[in-house]
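Subject: Structure handover

Hello,

My notes on it follow.

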Amino acid sequence: MSGARARWGRGGALLWMLICGGARAATIDGELFERGTRTPIAGAPVLLRAAHGETEPREVLTDGEGRFVFDEVSAGAWLIDVFVAGYEPMSRAVRAPAHVVLRLAPSDTHRTVVGARSPKGAPVIGVAGDEAARVPGTSGDPAKVVGALPGVARPMFGLGDFAVRGAGPEHTGTFIDGHPTRYLYHLLGGPGVVDPALVGGLVFYPGGAPAWFGRAASATVAIELEDPPRERWHLDAQLDPWKAGVLASVPVGDGVVTLSFRRSWLDALLPLFTEGLALGYTDYQLRWSHALGERVGVTVAILGAEDRLHVVEGKGSRRERIDVALGFHRVTAAFAIDLSPCLRWVTRAMLGVERSEQRVTEPASPDIALGEDAIASHLLTTLAWRPARGTLLTTGVDVLWRSTTLDSRVPAGAPLGEPTPAETDWLVVDEDARDVQLGVAPFVHAELDLGAGVVLTPGVRADVDIAPVDSLRAPTIDPRLALRWTFAAPWTLTAMAAIAHQPPPPALTAMVPGLGSTEALQASLGLEWARDGWLVALTGWGQSLDALPRSLDDAWVLDRNGERVRAAADGEGRALGAELFVRKRVGDGVHGWLAYTLSRAERRTPSERWRLYERDQTHVLHAAAAIELGREWTLGLRFELASGAPTRPVIDATYDADGDVFAPRWGPVDRRLPLHHRLDLRLDKTWRFDTWQLQAYLEVQNVYAADNPETLVYDYDYGRARGGPGLPILPTLGARVVY
Amino acid sequence: MGRGTMLPVAALIAVACDAPFDDRDHVDRLRVLAVRAEPPEIAPGGGASLTALVVAPGGEVADASVVWRACVVPWRGEPGGGFDGFAVPGPALDDGAVGCDDAAAAMVTALGEGASARLDVAVDAFDDALVVAYGEVAVAQRAQLEAIAGVPWRVELTVRRGDEVVRASKIVRVSRRARPNDNPPEPIFDGAPCGAGELDGRSTVTFGATLPATFEGYQVLLPTTDDGRFEVLDRTELWTYSAFATDGDFEPEVVKVVAGEATFTWRRRRAADLWIVLRDGRGGTSWCHRTVAAPP
């Protein structure tokens, strides 16, 4: 309670008592919460006025725990009025003395938005978890919003492999709390591997990411986790046709312990509809955050995910079973300390295991399998110094150690001395390999507000391999520079140039230790207009990729010394494009964005001429909007339009009379699949009770059941082709209870 | 990511593709079901006679134009697993189908036109073909190639009947192997040889062959060593039966021979022509044709 107002309140009450002949004094006190969440509303004005008569009203402010007190109140009828920005107004009749608990419902235009922090000058799109979760097609999962951002090619079937600005999906770095992660999404277009309630925000850098992000040649997708409210215990349960999940958190001292667990039930549900497909996934997080005083914070977490996919196709002797298993489990610890008001030290460490296995089984044929086990450890320590307003210098070290064991059982290709083996007689070879990598990357990053609207973000990172000692890759230097120049508000010029390197995957370095890193050269130039919650950005960009790796393991390629070459980093890529991004921030009842990308991406190997990259999409348009309809109803729409994927038609086919198969002859990549278009709708409703809330949503993906083939499928002799499958109309009804 | 998502994508396509395409065991158009070289492997200076099993919905085809040719194409393995492979049907690299029309193909020879043809390989042609197939290789490698792998002489045939055109290929291996391969014997039905008349209307077809006491072993080369030499691998013949008919379909379509007989379940409605093709897994081929009455 502010001193002046409190004194006025008490004086007014005394005056009123004197005027009214000294009626008996009483107290009206109470607590003010947000309805449905039990979050106290602090600093809110509470007005007390007499129900009858014309007495002067009294006003107090709630304290940090939402409490308020009116003392020296005469017995009788009173009215309490509360007007707080962002909440529905409330008026409550009470009879003194009284203790009241008031719960204010948020107004429809109010929403708590927690944005992920990102460098001021970097070319970045930050999406708050809550904003992202209401984008149709995400099923309430903020991690899935990446597919609707500019520069991102539409992935097949809506899977979570995002190719950005002409690079491959393998060039997009994905991070959870600063640590590289094997995958962000569950299989087959499933949700993110982290409970949405823990996602504080998602940051997407199409290129030129800050220097503490590395080992990715192209874009960066970073998810920052956050704790549930610390002042109370919290329960969040969710249910939809695909999965069920629960999250619980309990305040412990000056911290909070959170446990979340989600499990799909598709492996139980799908067999009711099809014999051919079963999918199950699980993810979990156990997280403890603790504040040691005002300047030190510690977070320890255990998190992981497991996916299992079983597919059976064909019949009889051609019945084939495909099993895919992916998983990761890790322990992370983060320590942050404010050494001084302008100096902050943050260290994050991770130790984890990763596993992937793919197996194909056919009757009377040898199994084919690829397995990859890895133990990985990552350390990221940063020291951020803000010597002056508008200047932030960050330096640190990023250390990654990864030991990978590969075991494969794969077809040997065509051995010399017999025809192409028939499908029933694959010749398979077993191979085990191990790859150990230890890399250290010191970096420096700066954010410099030079005045006159100019913000410069330079950074540099050096990646140095320490192991394996007998085949060290040459060190790489990744400089990057981003500029934002608000030359005439609301107009801002943006520019970015960066060089980034990415080591080849362990499967290739295990065969060819020391195989060189892919080098990407990225550049962009843009113009932004921002005012009143609106942003319009037009950006042109270019990207070149050098030393793209590929396996030659099935081929017989010898070098000049007669040594066999099993993998090479000799591919090249180039892409040019332009993006238009129009965004309306949360507020005023409508938020959303429109993202259009025009681009061309090409590839070549030394023996090729430039050709279209398989993931090239000339036009990609995403329009996403959420409209507040009132009474906590929200309607979300998303429309997606993208050029069909390039495809190589089959010119003709020859019957291989030895192998009893048809061998197609492919034409050049000069055709595309039909234009892809799709509309998703989402309707959200929140029922808010005093201490808890019920949220429900209905989402329909591909509302008008557009036939969007993801590939061509051919007859057994390639004589006929037709469009393959695409995403069908897919309704989802989900519910969430938050206490 | 690419490797990680490759199989899930393939799986999705596979599951959703319960395509109404025709069964491959149903002869509903002009087809080549098999090509036989007698013998299937030859030595330099030797020759082989070639015949094709050309069929159509009306039975075996005698009035089609069959044009034969042969060539040697460079062997280059199967480059794959590229940096971007799976999104587009077909190989990411420009390797296409390797055939006699390929720019790298050499020693293209017309073998004539007709129901059968003959391939003869002179000794000096074999030496030239080794270079075409494998390039200039070290002496040790050349010895392995001559004695084990040989030169896979590619025979191609183009069959035309009216507007229909089909193409087929077969490898005739030319090598200095001590024991060249032989063709397997013709399949037999219920103990009766081919040409023994019409079979009764049955839904289950049982057939077999006069099997050797043990399946023959042979060697192949694998390019799996890091020093460019080949790994020698012992293989054993694996015989497979494939069934084709002008009506109905078979379950299974292909049977791997693990005993003397194989059984197909055949669903059909009419009288039909039935062909069984037997392959030994390394180029040896034989077949049998029977007509079968309508099911009762």
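A salt bridge joins D236(A) to R736(A), and their closest N and O atoms are 2.5 Å apart. The model is a predicted one, and that applies to everything that follows. The two partners come from distant parts of the chain: D236(A) belongs to strand 13 (residues 234-239) of chain A and R736(A) to strand 41 (residues 730-738) of chain A, 500 residues apart. R736(A), at 29% relative accessibility, counts as partly exposed.

Other salt bridges

Side chains of opposite charge can pair when their charged atoms come close. Over all chains, the count comes to 69 salt bridges. One of them in chain A is between the side chains of D338(A) and R344(A), at 2.7 Å from N to O.

In chain B, R154(B) and E156(B) form a salt bridge, with 2.6 Å between the closest N and O atoms. Is E156(B) buried or exposed? With a relative accessible area of 11%, E156(B) is buried. R154(B) is buried too, its relative accessible area being 13%. Elsewhere, salt bridges with shared partners connect E41(B), R177(B), R179(B), E216(B), E237(B) and R282(B) in one network.

The disulfide

How many disulfides does the structure hold over all chains? There is 1. It runs between C71(B) and C100(B), with an S to S distance of 2.0 Å. The link of C71(B) and C100(B) is left-handed, with -85 degrees about the S-S bond. It connects distant parts of the chain, 29 residues apart: C71(B) is in strand 5 (residues 65-72) of chain B, while C100(B) is in the loop between strand 5 and strand 6 (106-113) of chain B. C71(B) and C100(B) are both buried.

A sheet in chain A

In chain A, 3 strands make up an open sheet with mixed pairing, in the order 4-1-7. Which strands stand at the edges? They are strand 4 (67-74) and strand 7 (98-104) of chain A; each has a single partner strand, so one side of each is without a neighbour in the sheet. From one strand to the next, the twist averages 20 degrees. Strand 1 (residues 25-34) of chain A pairs with strand 4 of chain A in the antiparallel sense, over 6 bridges. A25(A) is opposite S74(A) in strand 4 of chain A.

Helix 3 of chain B

Helix 3 (residues 139-149) of chain B has these buried residues: Q141(B), Q144(B), L145(B), E146(B), I148(B) and A149(B). What do the buried residues of helix 3 of chain B pack against? Their partners are helix 2 (123-134), strand 8 (151-161), strand 9 (164-174), strand 12 (217-222) and strand 13 (231-236) of chain B.

Regards

Methods:
Residues numbered from 1 in each chain as written. Chains lettered and ligands numbered in written order. Predicted model: local features only at pLDDT ≥ 70, side-chain atom pairs only at ≥ 80, totals over all residues. Heavy atoms only, no water. Disulfide = S-S within 2.5 Å. Helix = DSSP H or I, 4+ residues; strand = E, 2+ residues; numbered from the N terminus. Buried < 20%, exposed > 50% of the residue type's maximum accessible area, 1.4 Å probe, protein only. Pairing = 2+ DSSP bridges. Axes fitted to C-alpha atoms, helices over the stretch in contact; angles between N-to-C directions. Contact = heavy atoms within 4.5 Å. Salt bridge = Lys/Arg side-chain N within 4 Å of Asp/Glu carboxyl O.
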